[in-house]
Amino acid sequence: MRWLADECLHAEIVRYLRASGHDVVYAAEVARQTSDRALADQAAADGRILLTEDKDFGEIVFAELRKTLGIVLLRIPPRLWAVKCRRLQDAITSEGDALYARYTVIDETRTRSQPLPGD
């Protein structure tokens, strides 16, 4: 899968995805301090799912009807990056390419998902 990882994510999550064969662009490496709107636009332009821990992306997509290919929001405490990796892999395994058309929220015990506006 193709991802744009927000710079707020722990680098271990990016390393995990890359080691699992995913194509990941990490904002901390290439676009530090980019605004959320610009990051969402870049993910859409590059055909990538935006991976973040920032709830603001939900408002950007739903309130502003901003076009994006998919957003995955990790809602797990920062220190639990290994749990984040496991739960993210669970979502990738169960949802697969459907993540491209949805706003998905992953927490420690469940995954919730809804269609993006216009899909």
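This report walks through a few local features of a predicted model, one part of the fold at a time.

## Ground rules

Residue numbers start from 1 along each chain as its sequence is written, and side-chain values rest on heavy atoms, with hydrogens and water left out. Since this is a predicted model, local features need pLDDT of at least 70 and side-chain atom pairs count only at pLDDT 80 or more, while totals for chains, interfaces and linings use all residues.

## Helix α1 and its buried face

Let's start with α1, which covers residues 11-19. Helices and strands here are DSSP runs numbered from the N terminus (H or I for helices, at least four residues; E for strands, at least two). Which residues of α1 are buried? They are I13, V14 and L17, where buried means under 20% relative accessible area, exposed means over 50%, and partly exposed is in between (1.4 Å probe, protein chains only). Looking down the axis of α1, these buried residues fall within an arc of 100°, so they line one face of the helix; the arc is taken from the directions from the helix axis to the C-beta atoms. The background is simple: an α-helix has 3.6 residues a turn, so residues three or four places apart point the same way.

What does that face pack against? The buried residues of α1 pack against the strands β1 (2-5), β2 (23-26), β3 (49-52) and β4 (71-74), plus helix α5 (81-95). After α1 comes G21, whose phi is positive, near 95°.

H22 is found in the loop between α1 and β2. At 12% relative accessibility, H22 counts as buried. Its side chain makes a polar contact of 3.2 Å with the side chain of W3, and a polar atom of the H22 side chain lies 3.3 Å from the backbone nitrogen of M1. (A polar contact is a pair of N or O atoms within 3.5 Å; within protein, one must be able to donate a hydrogen and the other to accept it, and residues adjacent in sequence count only if both atoms are side-chain atoms.)

Not counting residues up to four places away in sequence, H22 touches M1, W3, L17 and I92, with contact meaning heavy atoms within 4.5 Å. One of those, L17, also belongs to the buried residues of α1.

## Strand β3 and its partners

β3 pairs with β1 in the parallel sense over 3 bridges, and 3 bridges also join β3 to β4, again running parallel. Two strands pair if DSSP finds at least two bridges between them.

## R87 on α5

R87 sits in helix α5 and, at 8% relative accessibility, counts as buried. A polar contact of 3.1 Å joins its side chain to that of T111, and a polar atom of the R87 side chain lies 3.5 Å from the backbone oxygen of E108. Leaving aside neighbours within four places in sequence, R87 is in contact with I76, I106, D107, E108, T109, R110 and T111.

## One aromatic pair

How many aromatic pairs does the structure hold? There is 1. The rings of F62 and Y103 have their centres 5.5 Å apart and their planes at 90°, so the pair is edge-to-face. (Rings of Phe, Tyr and Trp, the last by its six-membered ring, pair if their centres lie within 6.5 Å; planes under 30 degrees apart are stacked, over 60 edge-to-face, and the rest tilted.) F62 lies in helix α4 (residues 56-62) and Y103 in strand β5 (residues 102-106), so the pair ties together parts that are 41 residues apart in sequence. F62 is partly exposed, at 28% relative accessible area, whereas Y103 is buried at 10%.

## Cysteines

A search of the whole structure finds 0 disulfides, a disulfide being a pair of cysteine sulfur atoms within 2.5 Å. C8 counts as partly exposed at 38% relative accessibility, while C85 is buried at 5%.
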